[in-house]
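We will go from one stop to the next, selecting and looking.

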Amino acid sequence: MSDTALNVATYQKPKQGNYYCGDSFIYNETENNFICALADGLGSGELAKDASKAVMQVIEENPDDTIRSLIEKCNRVLDGKRGVVLGILRIDKKEGTYAYSSIGNIGIVVVDGSGKKSRNIPLPGFLAGYPRELRVKRGDLEKGMRFLVFSDGVDERKLSKLFYQARTVQDLIEQYDIEFGESRSDDTTLIAMEYS
């Protein structure tokens, strides 16, 4: 799979009127894996940002861990902090597979090369330092797949309308900003990826 590439485009803006965005995200590629994660700190503002950043630091320091291991470590670092909702997408380049999981209202959408869309159903609740149930969905990677990871500031129906019109993930992000960038009632983060 060394002749493949992952193109990534991102969009993030705080809730209108706020300076801090309580969402934090990371994407990172190692020799064997690619990982993308998005955390939305509970509430808004600086304390929400502190919680979501703490989770991203854990993921940044452990890029080759499994999703289960990452969520356990993220949960531990939240002890005494505000909670977060969290979504993680992990691509195993050697095996040619992907896996994802989310807790709370982080959306993850996978669109295969033929355009068939599947959406995760996240587990309810949030991470806040206590044990959590976990569900990880897995699949085989194929060229032309697109992955979307987004916070609750993104309206999925509006995003879906733009998705099939966009030629590239960068086009999708730019079009989203033009259409909806000025009407934000919540912190908004959208990460669009294409495996080619």
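**Stop 1: a strand inside**

Select residues 33-41, strand E3. 9 of its 9 residues are buried, so E3 is largely enclosed by the rest of the structure. Buried means under 20% relative accessible area, exposed means over 50%, and partly exposed lies in between (1.4 Å probe, protein chains only). Helices (H or I, at least four residues) and strands (E, at least two) are DSSP runs, numbered from the N terminus.

Which residues lie on each side of E3? On one side sit Asn33, Ile35, Ala37, Ala39 and Gly41. Phe34, Cys36, Leu38 and Asp40 are on the other, and both faces are covered.

Before moving on, note what you are looking at. This is a predicted model, where local features need pLDDT of at least 70 and side-chain atom pairs count only at pLDDT 80 or more, while totals for chains, interfaces and linings use all residues. Residues are numbered from 1 along each chain as its sequence is written, and side-chain values use heavy atoms, with hydrogens and water left out.

**Stop 2: the partners of E3**

E2 and E3 pair in the antiparallel sense over 7 bridges. Two strands pair if DSSP finds at least two bridges between them. Find glutamate 29: its bridge partner in E3 is phenylalanine 34. A hairpin of 3 residues joins E2 to E3.

E4 runs antiparallel to E3, and 9 bridges join them. Look for cysteine 36, which stands opposite leucine 89 in E4.

**Stop 3**

Axes here are lines fitted to C-alpha atoms, for helices over the stretch in contact, and angles run from 0 to 180 degrees between N-to-C directions.

Tyrosine 100 has lysine 137 in E8 as its bridge partner. Contact means heavy atoms within 4.5 Å.

**Stop 3: the core**

Select Val55, Ile59, Leu86 and Ile88. These residues have the most contacts inside the largest nonpolar core, which has 22 residues. A nonpolar core is a set of buried Ala, Val, Leu, Ile, Met, Phe, Trp, Tyr and Cys residues joined through side-chain atoms within 4.5 Å. E3, H1 (46-61), H2 (67-77), E4 and E5 (97-103) each give two or more residues to this core. H1 gives the largest share, 5 residues.

Zoom in on leucine 86. Beyond its neighbours within four places in sequence, its contacts include Leu38, Val55, Ile59, Ile71 and Leu127. A second, separate core has 19 residues, including Leu89, Ile108, Met145 and Val149.

**Stop 4: a second sheet**

Another open sheet has 5 strands in the order E1-E10-E9-E6-E7, paired antiparallel. E1 and E7 are the edge strands, each pairing on one side only. The twist averages 15° from one strand to the next.

Select E9 (residues 146-150) and E10 (residues 188-195). They pair over 5 bridges in the antiparallel sense. Phenylalanine 147 has methionine 193 in E10 as its bridge partner. H3 packs on the sheet, touching E6 (107-111), E7, E9 and E10. H4 touches E1, E9 and E10, and makes about 15° with the direction of E1.

**Stop 5: salt bridges**

How many salt bridges does the structure hold? There are 6. A salt bridge is a side-chain nitrogen of Lys or Arg within 4 Å of a carboxyl oxygen of Asp or Glu.

Select lysine 13 and aspartate 177, which meet at 3.0 Å, N to O. The pair links E1 (residues 6-13) with H4 (residues 169-180), 164 residues apart. Lysine 13 is partly exposed at 22% relative accessibility.

Finish with glutamate 156 and arginine 119, whose closest N and O atoms are 2.2 Å apart. This pair links H3 (residues 156-163) with E7 (residues 117-119). Glutamate 156 is buried at 18%, whereas arginine 119 is partly exposed at 36%.
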